[in-house]
Amino acid sequence: FFFHNGKLNTKNLIELASDKLNQNLFRFSVPGVAFKNFDLRKDNTRGLENTKGDFEIKNGKFILKNEILNEQGSTKLDAKVGLDQSLSGTAVYTASSQVKEQLLASDKNFSYFLDDKKKFVLHLTLGGVVTNPQIEVDVNDLKSKMVKNSKQQLQKRIEEEIQKNPEIKKL
């Protein structure tokens, strides 16, 4: 990230996560379901006039533990930046209701990735360096949600078919 004309210019964590998620969509397989790319992009320039957060410097690392709230949702950040600009840590992104609804409107299959509370949550691992951050999406968490939601959808469809066809009940 860098400062320019009173603005903080940085790679948007959620935008990077969106890119990584789209790279991994081919790994998800549900018969009869095709996933579209997710778009979580927003402007990555922020004014600094109303910015706050908690940080500390410990053992030569800048440590940032903060929750960032904006129109995209909330991001709970636990990150460390070394003097060599190395980046490490984790983040948990929870999409706002508006973002979730936009994603559902663009692709109804997006619902397979919602958690038990019907929220879209991404667990992220941070790495790389400040000028070239690397983001990894916890694909196993998404697969787990997809499997659970797929089972629920299948159970719902079976129950609907049983209600439509009383002859099936006799089997």
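Predicted model: local features only at pLDDT ≥ 70, side-chain atom pairs only at ≥ 80, totals over all residues.
Moving out to the whole sheet, 6 strands form an open arrangement in the order β4-β5-β6-β7-β8-β9, and the pairing is antiparallel. At the edges stand β4, residues 55-58, and β9, residues 132-137; each of these has a single partner strand, so one side of each is left without a neighbour in the sheet. From one strand to the next, the twist averages 15°. Lying across β8, residues 121-129, and β9 is helix α3, which spans residues 139-164 and runs at about 165° to β8.

Is S74 buried or exposed? Its relative accessible area is 13%, and because buried means under 20%, S74 counts as buried. Leaving aside the neighbours within four places in sequence, S74 is in contact with E67, I68 and L69, and also with V92, Y93 and T94.

The other residue is F62, found in strand β5, residues 61-70. F62 has a relative accessible area of 32%, and is therefore described as partly exposed, a class that lies between the 20% and 50% limits. Together with F55 and I57, F62 forms a nonpolar patch on the surface, and the accessible area of the three together is about 330 Å².

Methods. Residues numbered from 1 in each chain as written. Heavy atoms only, no water. Patch = residues over 30% accessible without salt bridge, like charges linked within 9 Å, V, L, I, M, F, W, Y side chains within 5 Å. Areas by Shrake-Rupley, 256 points an atom, 1.4 Å probe, with all protein chains shown as cover. Salt bridge = Lys/Arg side-chain N within 4 Å of Asp/Glu carboxyl O. Helix = DSSP H or I, 4+ residues; strand = E, 2+ residues; numbered from the N terminus. Buried < 20%, exposed > 50% of the residue type's maximum accessible area, 1.4 Å probe, protein only. Pairing = 2+ DSSP bridges. Axes fitted to C-alpha atoms, helices over the stretch in contact; angles between N-to-C directions. Contact = heavy atoms within 4.5 Å.
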